[in-house]
Amino acid sequence: MNQKQREALLKLSAYELIKAEDLSDIRAEGFLFKHKKTGARVALIPCDDSNKVFNIGFRTPPEDSTGVAHIIEHTVLCGSDKYPLKDPFVELAKGSLNTFLNAMTYPDKTVYPVASTNLKDFKNLVDVYLDAVFHPNIYKEENIFKQEGWHYHLEKESDKLTYNGVVYNEMKGVFSSPEDVLDRVTMNALFPDTAYGVESGGDPKHIPDLTYEQFLDFHRRYYHPSNSYIYLYGDMDMAAMLNYMDKEYLSHYDYLAIDSELHLQEPFKALKKVEDHYPISDDSDSSEQQTYLSYAALVGDPFDNKRLLAIEAIDYALFSSPGAPVKEALIKSGLAKEVSGGFNDGILQPFYTITAKGADHAQADEFVKTIKKVLRAQVKKGIDKKALLAGINYQEFSYREGDYSVYPKGLIFGLNMFDTWLYDENMPFEALKNLDDYASLKEEISKTLEKGQ
């Protein structure tokens, strides 16, 4: 961004500059604005990357497992005031020059990112998405809700009445996967008193409980600029883009106090044990050990970045490195055929899981005892420092490379920013400032190696 563009950005009358930050890790500068009239949060990363990225997200905490947030994600892309096509999303996918085009529902947010290297195409994508989220056809066409959410289905009179719908069928597939069932049960069990205690994607048992009016009410409540998080990245005239968003969309709204706050789960007084089931195919050998055992615990908060990076290094040292002690102990003891560790972030209370596949239900207590025994031994003698250092070096290398395969790096930057931005509107850039924490962790480990510990 040249000096003239920077000055134009800072002179915008419709926005208030909250802060500007040096993002030296990615060789850029970050700007956080607030739209004065609505309170919409706007984060910008102007840089020389031609692969431009836009994202608008909303905090959408579900209150039940009807999948309303997921259904709205599908339905708003089924036509809007400016673009009344039946399925503009499909048309864009076919005719746009986009490098990314999608929408995603998370346990606590819904996001609508697009990317393109062509400026004209990029502006068109942004306009289609903004009109979709703010002016969708869902209020005019109830059939959109029925098509994407759920409806009764009957091929002929003699058939049994069934349910159908895009999201309904999608979630039936999700609920048939043992790994997906385990992930859902684990999160719901860890956070029973919060938004994470229900299924944001929708439980097929409960999706048909959702009414059309409840569906519309959810959109009215959360899809408002006052509850929005807007992100722009790349080589473009940022001031012009912000002026356009204000003139065409944001200025048409007034500020609205929206309660979308996410709440912490109170700690349990004792270890909680939960059992659930998943479907197996008819040709599966029922004599085989098909139980999954999983041990999960909270490991910090999203604002302690150094701690979370350290957890990822510990994950490598204990579960992935050659001779990883927890994995080795569980397999050698015969408690599991496969063992994995999993760090789960991107929510208000990150957690870690240790999972055994091909286990025996009767050995659940022994599974937990073995994990605790190994972890206590690691604390007492110290985790292998060379393995920790290798884990950190690998993470840092990947972070510096910024190679996200087919995904634009600006897209990943923006999605990662939600790890803190969603929970503190003044902290959007923490996920892009890791190098100092990597250096600090390596220094601490190196000192213990020098002392022979």
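**View A. Strand β4 (residues 52–59) pairs with β10 in the antiparallel sense over six bridges.** The model is predicted: local features need pLDDT of at least 70, side-chain atom pairs count only at pLDDT 80 or more, and totals for chains, interfaces and linings use all residues. Residues are numbered from 1 along each chain as its sequence is written, and side-chain values use heavy atoms, with hydrogens and water left out. Strands (E, at least two residues) and helices (H or I, at least four) are DSSP runs numbered from the N terminus; two strands pair if DSSP finds at least two bridges between them. N55 stands opposite Y231 in β10.

**View B. Strand β3 (residues 41–46) runs parallel to β10, joined by six bridges.** The bridge partner of I45 in β10 is Y233. Strand β10 (residues 228–234) is largely enclosed by the rest of the structure, because seven of its seven residues are buried (under 20% relative accessible area, 1.4 Å probe, protein chains only; exposed is over 50%, partly exposed in between).

**View C. The largest nonpolar core has 62 residues.** Such a core is a set of buried Ala, Val, Leu, Ile, Met, Phe, Trp, Tyr and Cys residues joined through side-chain atoms within 4.5 Å. F54, Y112, L232, L242 and M245 have the most contacts inside this core. Helix α4 (residues 119–134) gives the most to this core, nine residues.

**View D. T420 lies in helix α14 (residues 409–421).** T420 counts as buried because its relative accessibility is 4%. Leaving aside residues up to four places away in sequence, T420 touches P302, F303, M427, P428 and E430 (contact: heavy atoms within 4.5 Å).
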